[in-house]
Amino acid sequence: MDLVCPAGNYQSLIKAVDGGADAVYIGLRNETNARHFAGLNFTDKQITKGIDYAHQRKCKVYCAINTYPREAHWQRWTSSVDQAMDLGIDTLIVADIGVMEYIRSRSADFPIHLSVQASATNLQALNFYYQNFGILRAVLPRVLSLRQVAQLAKTAPCELEVFGFGSLCIMAEGRCYLSSYMTGESPNTMGVCSPAAYVDWQEQDGKLESRLNNLLIDRFSEGENAGYPTLCKGRFEVNSSVEHVLEEPTSLNTMGILPELNSAGVAAIKIEGRQRSPAYVNQVTRAWRKAIDRVVLHGKRVGLEEISGLANLAEGKQTTIGAYERSWQ
Amino acid sequence: MINSKPKISLAAVPYFWSKESYLSFYHQVASAPVDIVYIGETVCSKRRSMKLADWLAIAELLSANGKQVVLSTLTLLEAESELGYLSKLASQKNYLIEANDVAAIQIASENKNSFVAGSAINIYNNRSLMRLKELGMSRWVVPVELGCDDLSPMIQLAARESVEIEYQVFGRMPLAYSARCFTARHHQLTKDQCQLRCLEDEQGILVNTQEGEGFVQINGIQTQSSKVSNLIHQSLSLLNHGIDIFRIVPVSAVDTIEVIQQISDGFLTLAEPLFEPNKLLGDYQYCNGYWFQIEGMNQVG
């Protein structure tokens, strides 16, 4: 079971490689990837250096080109594919059918991983991408239960990668337009969700308010942990009660079910968080390296202490195994 | 003045209604001025007030009244039983299907069946459009977040390849799908023990910000826009941008029939239809921002 770690910049890449990642994933400095944030991602020179550093230590470098090009901007995606392939990237993580076809027009067998943004949640969807584009691996959306993942792994035509830790997207990725509904920019089109440029914090009657494009996302009393206003994690009013209607500000942590994921035949565990700091990448990579080795090499479960130790790093300081456990659904 | 009247389509009811409600609604639809009717469950496989045979009976009724019937399919497929039901729909030859997941495209194309690509299929560019056309796509329901400028460079290819373009002109927009059922969550139930509580709300549940502004509408595992998209006053612009089919997504049964009538009546004189919101019973807020390439929730004009 491989450990796939995020690298939003060169420093994080070094930390991930040194911490024991089997692969790191990166993005280019444009909206072709789903973490198109200011100050993040790689220039050509950094990619070359990063690949050298990783390859010398037997770590692979994946590049996410996993947003959906609109026709008027199509060439930005094809030139990004050219750029990444020419620089010697090991694998492209892709969601768009057109982009996959473009990659296949350049190479019959360049490794393609189906991005979580393609939202493939079942066998026939995997068959579609496997038969049409020969995908090597698919990253599963965070919507399946553990039993469903295990079932899918038995018959899948390709390898499966699942999310292990990090920010928890509760919607089927690639099919969520909430962000563009509220700001005009979405993960699919611009590689952003609840973009920072639309965020505003205001103090009002002793309460801290977070807004997204002027819509009130949450209101915090003194002492409450005020998280980033990701639109699906705020408190809203429904039938006159104020609640976390969609989800609490919580993160995913599947360390507790690693043995089950391993015996299901899952090929890789993905750590979310290209937007996080090198220090975060360092801590999380090392913790997960240890956990995977414990499960895979020694056939043991991960201790509760180690699992809860990660919670401090998590958004909202609380974690869940999310949809893997049916009661979450 | 407009040169030709577009076709009008009615999307599948996104909400969970009782069998009696569906039957009564589709009996009215059968005599309403709509050209294409999509039927079936697209949101949650636990909603089973209608069996396949019941839907097929509705299909026959609508066909007999001159409607083109399209069988819609589930959007988020997880369980094997869901794939089994999808297989039945996507491999039959009597009716066109609306694919809302690539699984449906896979099964339809394996069976050499043509299909409509629903709005949850991500077609954002010509290369994707062409590939799916080769696999059997005969009609493209545009993803809700694409607007007029996004469509402009794609109209020519779609026309050349005889792929019809369908765009939502009325109704709440489908914005997200989750493993979690938000209706059950609101009632403090898990999805597995949901008691089918979504049956209580004809049009889902409105969620406001703490300041009382519309945020979203929860409908089982689906999240919709709280505002109703309304492009009736942009009909001319839609036609100029090559939209062949105007799609109405059902709201309440009674208001849906009224909206079909208003749009159709408007086109009788080949003028741009007028929309008269005061003739609807529901108290809706409207938006049209996506068409104008801005926030979907905004209203231009």
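**Exercise 1: the pocket lining**

Sort the lining residues of the second largest pocket by type: how many are nonpolar, polar and charged?

Solution. The lining splits into 15 nonpolar, seven polar and twelve charged residues. (Ala, Val, Leu, Ile, Met, Phe, Trp, Tyr, Cys and Pro count as nonpolar, Asp, Glu, Lys and Arg as charged, and the others, Gly among them, as polar.) Before going on, note that this is a predicted model, where local features need pLDDT of at least 70, side-chain atom pairs count only at pLDDT 80 or more, and totals for chains, interfaces and linings use all residues. Residues are numbered from 1 along each chain as its sequence is written, chains are lettered from A in the order in which they are written, and side-chain values use heavy atoms, leaving out hydrogens and water.

**Exercise 2: who supplies the lining**

Find the element that gives the largest share of that lining.

Solution. Start with the elements giving two or more residues: α6 (146–155) of chain A, plus α2 (52–64), β3 (68–72) and α3 (80–91) of chain B. (Helices are DSSP runs of H or I, at least four residues, and strands runs of E, at least two, numbered from the N terminus.)

**Exercise 3: a sheet in chain A**

Work out which strands stand at the edges of the open sheet of three strands.

Solution. First, the order is β8-β9-β10 (chain A), paired antiparallel. (Two strands pair if DSSP finds at least two bridges between them.) Next, β8 (199–204) and β10 (215–220) of chain A each have a single partner strand, so they are the edges. Finally, five bridges join β9 (residues 207–212) of chain A to β10(A), and A:S210 has A:D218 as its bridge partner there.
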